[in-house]
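This briefing covers strand order, helix packing and salt bridges. Please read it alongside the sequence and the model displayed here.

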Amino acid sequence: MTTHLALLRGINVSGHNMIKMEALKSTLENIGLQNVQTYIQSGNVFVDSEEENGPSVGFTIKQEIFKVFGHDVPIVIIGKKDLEDCFKNNSYLKEKEVDIKKLYVAFISKELNASALNDLKISQFKPDEASIDSSRIYIKYDVGAGKTRLDQKYIEKKLNVTATIRNWNTVTKLLEMFEERV
């Protein structure tokens with residue numbers, strides 16, 4: 001049995017793609033996923049599956065959500081190591097007096113190459129900052145996530161990927177939840 005964390009993008013945001021977490025949990029259990037656990041209403045779902053391949057599990061979840069709820073929801077599947085690597089590789093955590101409330105992680109659907117940071121043209125978003133690590137983009141928003149143009153839509157368009165962004169407090173909680181599941 002493999003534990004996967006499905007990060008659903010764009011559900012329950014401003015009245016769009018509404019899905020109650022209890023209904024989502026039941027739906028996923030009905031297709032054979034086990035130990036389904038959700039965290040907050042924004043689409044963080046732990047599942048255990050016989051299937052080890054994360055993208056395959058994500059595709060199955062995406063299909064079922066469309067079938068049951070009628071929403072075409074992009075999904076990024078990550079594992080415990082992905083979250084552990086967030087803590088190891090986020091250079092912003094090493095800064096003195098870093099404001100955790102300004103830190104976010106964009107989880108990306110595929111590995112990024114070295115030129116991805118150049119492709120994003122991060123300098124045009126100053127004073128916001130970003131760095132790339134494999135399939136994650138660490139973001140430090142200066143003015144706040146709601147006021148920047150360096151958002152998930154921009155990242156997806158520039159890099160031709162699926163992306164979903166979580167704030168640092170959520171990333172921290174998700175890792176704690178992963179550790180509790182072992």
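A crossing of two helices is called left-handed if the near helix is turned anticlockwise from the far one by less than a right angle, and right-handed if clockwise. The model is predicted: local features need pLDDT of at least 70, side-chain atom pairs count only at pLDDT 80 or more, and totals for chains, interfaces and linings use all residues. Residues are numbered from 1 along each chain as its sequence is written, and side-chain values use heavy atoms, with hydrogens and water left out. Helices (H or I, at least four residues) and strands (E, at least two) are DSSP runs, numbered from the N terminus.

**Helix 1 and helix 2**

- The crossing of helix 1 and helix 2 is right-handed.
- The axes of helix 1 (residues 21-30) and helix 2 (residues 54-69) come within 10 Å and cross at roughly 120 degrees; axes are lines fitted to C-alpha atoms, for helices over the stretch in contact, and angles run from 0 to 180 degrees between N-to-C directions.
- The two helices are therefore oblique to each other (under 35 degrees counts as roughly parallel, over 145 as roughly antiparallel, 65 to 115 as roughly perpendicular and the rest as oblique).
- Ala23, Leu24, Thr27 and Leu28 of helix 1 are in contact with Ile61, Glu64, Ile65, Val68 and Phe69 of helix 2, where contact means heavy atoms within 4.5 Å.

**Sheet 2-3-1-4**

- Four strands form an open sheet in the order 2-3-1-4, with antiparallel pairing (two strands pair if DSSP finds at least two bridges between them).
- Strand 2 (34-39) and strand 4 (75-78) are at the edges with a single partner strand each, so one side of each has no neighbour in the sheet.
- From one strand to the next, the twist of this sheet averages 25 degrees.
- Four bridges pair strand 2 with strand 3 (residues 44-49) in the antiparallel sense, and Gln37 has Phe46 in strand 3 as its bridge partner.

**Sheet 6-7-5-8**

- A further open sheet of four strands has the order 6-7-5-8, again with antiparallel pairing.
- Strand 5 (residues 103-108) and strand 8 run antiparallel and are joined by five bridges, with Ile108 opposite Ala163 in strand 8.
- Helix 5 lies across strand 5, strand 7 (136-140) and strand 8, at about 145 degrees to strand 8.

**Salt bridges**

- The structure holds 14 salt bridges, each a side-chain nitrogen of Lys or Arg within 4 Å of a carboxyl oxygen of Asp or Glu.
- One of them joins the side chains of Glu156 and Arg9 at 2.2 Å, N to O.
- Glu156 lies in helix 5 (residues 152-159) and Arg9 in the loop between strand 1 and helix 1, so the pair ties together parts 147 residues apart in sequence.
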